[in-house]
Amino acid sequence: MITAPELNRATLSRQLLLDREPLTVPDGVRRVVALQAQHPASPYLALWNRLTGFAPAELDVAFTGRSVVKATLMRITLHAVHAEDYPVFRAAMQPTLYASRLGARFALAGLTPADADELVPELLAFARRPRTSAQMQAWAEERLGAEKKDAAWWGLKAYAPLLHAPTDAPWSFGLRPSFVAAGTGPVPADRAVEPQALRTLILRYLAGFGPASVADVAQFAMVQRAPVRAALRTLDGTVEQLQGPDGGTLFDLPGASRPPAETPAPPRLMAMWDSILLAYADRSRVIPPAYRPLVIRRNGDVLPTLLVDGHVAGVWRPVDGGIEATAFHPLSPATWDGLAAEAQSLMTLLSDREAVVYSRYHHWWGKLPEAEVRML
């Protein structure tokens with residue numbers, strides 16, 4: 001059996017949040033599996049939390065050289081992943097992308113999956129070099145007409161194997177994306193789950209986030225539970241089973257890191273949409289249930305959080321003059337000192353990029369309950 005505190009420490013260990021490690025950017029991204037990348041700054045802040053001496057320019061180079069790529073993947077959201085992981089993650093996600101992007105909105109425009117199969121090769125040929133959304137929509141309008149172009153591009157930009165191409169400072173990607181063909185070949189005609197790809201995704205997930213349940217794996221990838229169960233059955237002997245805190249079955253890799261519950265966990269200032277907040281069906285591993293609606297908003301925004309003793313304890317935001325930290329419960333003087341040291345390091349990183357990052361989300365702070373607020 002594994003306890004809830006032990007699960008927390010296993011997650012922190014796998015996600016490089018117990019100790020920063022001296023890895024290259026591509027190796028760091030591969031270790032943690034995938035970085036949420038809805039906001040251009042978030043992969044940078046995620047790696048700052050995890051790598052010793054992280055230099056943002058190294059991630060710039062990785063994106064430009066495509067050793068790390070940004071694309072629509074797990075949960076049909078933007079992630080940064082190691083380039084060698086992209087094809088298999090994409091193959092495992094293909095049925096989900098098909099169902100979500102070639103469904104109702106696509107059909108309402110009079111388009112069918114057969115139309116997508118015909119359009120994708122032409123689209124990828126057009127995107128051999130980076131193209132803006134406006135150029136992609138113009139391409140769709142030329143082939144399908146003005147009435148269908150918006151729905152066609154909405155579906156194809158996630159269904160087709162496209163990467164986001166770096167466009168602008170300060171975080172490699174601006175708010176107006178450009179797209180480029182991933183170069184992974186044609187989209188498979190078979191809409192079913194590709195078993196080997198799903199097995200590989202599960203093993204990579206367990207390495208980065210385990211131990212985990214069937215529901216956790218399904219949540220992470222937005223893949224149905226039945227294929228996950230079937231894949232885990234075929235991995236019998238490769239994965240082991242543990243009894244979770246609630247008596248349910250968890251899966252993990254033999255010999256994977258599971259530190260003791262009392263292992264110290266240093267404070268961290270986590271990026272918006274950090275993966276540890278979203279990678280599980282049961283998010284109480286990291287987020288106290290009472291705090292979940294405060295940090296994960298109904299529209300899907302996930303605020304930058306204070307991580308204290310491995311659990312969400314509040315939120316933070318840059319403001320003029322420093323980092324403003326809002327604690328949802330009382331913190332010790334030593335914890336505040338640790339958060340202040342992290343804030344100094346973060347302000348150094350931000351000062352060269354975007355001092356008041358995430359400012360467009362500051363309206364959420366007016367909806368927070370009364371709490372202790374300190375300037376770090």
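**Close-ups of a predicted model**

**View 1. Strands E10 and E11, side by side.** Strand E10 (residues 305-308) and strand E11 (residues 311-319) run antiparallel, joined by 4 bridges. Here strands are DSSP E runs of at least two residues and helices are H or I runs of at least four, numbered from the N terminus. Thr305 sits opposite Val315 in E11. This is a predicted model, so local features need pLDDT of at least 70 and side-chain atom pairs 80 or more, while totals for chains, interfaces and linings use all residues. Residues are numbered from 1 along each chain as its sequence is written, and side-chain values use heavy atoms, with hydrogens and water left out.

**View 2. The open sheet.** Its 5 strands follow the order E9-E10-E11-E12-E13, with antiparallel pairing; two strands count as paired if DSSP finds at least two bridges between them. Strands E9 (268-269) and E13 (372-375) are at the edges with a single partner strand each, so one side of each has no neighbour in the sheet.

**View 3. The largest pocket.** About 630 Å³ of space lies in this pocket, the volume being what probe spheres set on grid points fill, with points joined across faces, edges and corners. A pocket is an open set of points on a 1 Å grid over the protein atoms alone, where a 1.4 Å probe fits, with protein on both sides within 12 Å along at least five of seven lines; lining residues have an atom within 4 Å of a point. Of its 27 lining residues, Gln38, His39, Leu78, His164 and Pro177 lie nearest the centre.
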